[in-house]
Amino acid sequence: MRVKALVFVSVLACLTITAAVAQEGHPVIGTWSGEWGPTATQRNNVLIVMNYDTTTISGVLNPGYPDEAPLKVATLDSTKWTLHLEADSKDERGNPAKVVIDGKLENLGSPNRTFTGTWTRGNVKGDFKLARE
Amino acid sequence: MSRNAVFGFLGIVASMFIVIAPVSAHHVTAAKFDPGKSMTLRGLVTKIDWLNPHVHVFVDVGNGNNITSWAIELESTVDLRRSGWTRDTLKIGDAVTVQGIAARDGSNQAWGNSIVVTATNRRVFNVTPVQPPRDRAAGPTPRWPDGQPRLGPPAGQVMGYWAFPSATTLMQMGANVQADEHGLLRNLGDIDKVAPFQRWARDLYEYRQRNFLKDDPMYISCKPQAGPRIFQRPYGVQFLEERQHQRTRVMMGAGNQNWRFIYLDGRPQTGSIEGNSDTPLYWGHSAGKWEGDTLVVDIKGFNDSFWFSNGGLPHTTQLHLTERYTRTDLNTLRYEVTIDDPGAYTRTWTSSWTLTWIPNEELPIYYCQDNRP
């Protein structure tokens with residue numbers, strides 16, 4: 001039964017990923033996953049889901065998790081393909097912590113384009129690398 | 001399940017998908033080969049892949065123990081066949097001289113501009129550009145008994161399709177911009193003339209142009225060439241007017257010979273981007289009605305998983321098209337499209353071109369196949 005469930009979930013996930021991979025519209029739209037951390041060994045998994053309407057990028061940081069937070073600021077400079085994000089999130093202890101993300105979109109033509117740069121949560125600064133799923 | 005376990009699982013699934021994702025199938029020549037890197041190869045033919053989207057001839061170059069195998073890429077089987085060539089034109093073991101341009105990635109691949117058989121000094125597999133038929137009879141717009149223009153063959157004929165678009169790059173009316181048949185601009189300084197872009201769309205279009213359209217999903221993974229692009233591709237379109245069903249089927253001559261329906265029965269436009277029984281993925285939902293001699297088609301419900309133009313103009317799921325088809329005489333179809341996509345453009349804009357009637361022929365047989373990357 002568990003095997004069947006796992007197969008079902010895997011197929012569902014593949015279908016979901018297939019739909020996401022094929023996106024050719026605004027480059028930030030989609031689900032981005034990866035990790036950030038202050039050192040090479042201190043890493044945290046992260047997820048950002050972003051969308052775009054006619055003028056504005058919106059999104060959620062770590063949806064479904066205790067530190068979930070909507071993006072308060074999301075600014076794309078498409079002349080350099082840099083993206084600035086801000087969110088009022090929480091740290092590991094649940095204390096309020098502002099998250100500021102500055103990075104660059106690369107390999108734009110690929111469905112698995114990347115977003116890398118600096119990630120600051122409260123007083124902790126580190127680097128991050130996300131890939132679009 | 002912990003967060004890390006979930007991320008781990010997602011990672012595994014994503015890896016699985018990457019492994020099973022389709023490999024590159026087709027491309028704009030300049031995306032893969034560098035026109036500035038001319039080369040000449042002399043060797044023996046070892047294999048011929050007679051496949052679309054590109055035929056490949058494999059040649060062993062060198063002598064003794066120092067032999068290098070090269071893949072020489074050519075046009076499609078359709079283009080080669082139209083120029084009089086077949087898979088038997090070359091034989092395994094033939095000595096040939098190839099002139100071409102080298103692959104950008106440094107691999108042993110070249111685009112073949114010329115192949116000459118050493119024994120006969122005969123040049124083979126050169127492609128003669130196809131011209132519209134010259135001996136077509138002129139005539140008025142063919143009509144159904146009720147007077148409505150026919151988009152397909154005149155009464156009494158069963159075959160025919162539309163090809164030779166007068167423009168192969170989608171751009172707003174009045175734009176004086178030069179581009180090649182793939183939509184590559186001659187001058188990137190003309191970008192802002194092409195369409196009323198939002199900034200991100202303009203910069204993405206430039207990115208695609210600067211990369212020679214190498215990421216076109218039609219070339220990468222045989223994705224459909226939906227939207228107005230189907231009327232600017234080289235192998236034409238065919239209209240099957242199924243009047244008893246109050247719909248017109250638009251058959252596409254390239255890609256995977258997909259088709260879309262134009263519904264003429266007044267059904268509601270569901271416009272679901274996920275697709276459903278009458279809104280297939282990629283094609284949107286087309287609702288048509290005749291206004292005088294012009295078929296006006298409203299299309300909504302596109303996904304954003306394809307390029308809707310040669311040259312890589314971006315669009316979003318808000319894309320809304322209004323198409324106007326007017327058969328001005330027997331041999332001419334005027335196609336006009338108005339693009340309304342507030343997600344990518346600052347205003348609606350319109351483009352127009354004509355297609356030429358090819359009588360007594362079916363669409364060429366062409367499928368985008370999984371060929372060599």
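The model is predicted: local features need pLDDT of at least 70, side-chain atom pairs count only at pLDDT 80 or more, and totals for chains, interfaces and linings use all residues. Residues are numbered from 1 along each chain as its sequence is written, while chains are lettered from A and ligands numbered from 1 in the order in which they are written.

**Chain A**
- Chain A holds 1 helix and 8 strands; helices (H or I, at least four residues) and strands (E, at least two) are DSSP runs, numbered from the N terminus.
- The order from the N terminus is α-β-β-β-β-β-β-β-β.
- Chain A has 133 residues, and 33% of them are buried (20 or more other C-beta atoms within 10 Å of the residue's own; exposed is 12 or fewer, partly exposed in between; C-beta atoms are placed from the backbone).
- Among chain A contacts with a separation of 6 or more, 32% join residues 24 or more positions apart; a contact puts two C-beta atoms, placed from the backbone, within 7 Å.

**Domains of chain B**
- Chain B is split into domain 1 (29-124) and domain 2 (160-359), with bounds from an automatic or database domain assignment.
- Their centres, taken over C-alpha atoms, are 34 Å apart.

**Nonpolar cores**
- A nonpolar core is a set of buried Ala, Val, Leu, Ile, Met, Phe, Trp, Tyr and Cys residues joined through C-beta atoms within 7 Å.
- The largest has 85 residues; those with the most contacts inside it include A:Ile48, B:Trp162 and B:Ala226.
- Strand S2 (residues 44-52) of chain A gives the most to this core, 5 residues.
- Another core, of 21 residues, lies apart from it and includes B:Leu41, B:Val55, B:Leu74 and B:Val98.
- Beyond its neighbours within four places in sequence, B:Ala226 contacts B:Tyr282, B:Trp283, B:Phe302, B:Phe306 and B:Phe308.
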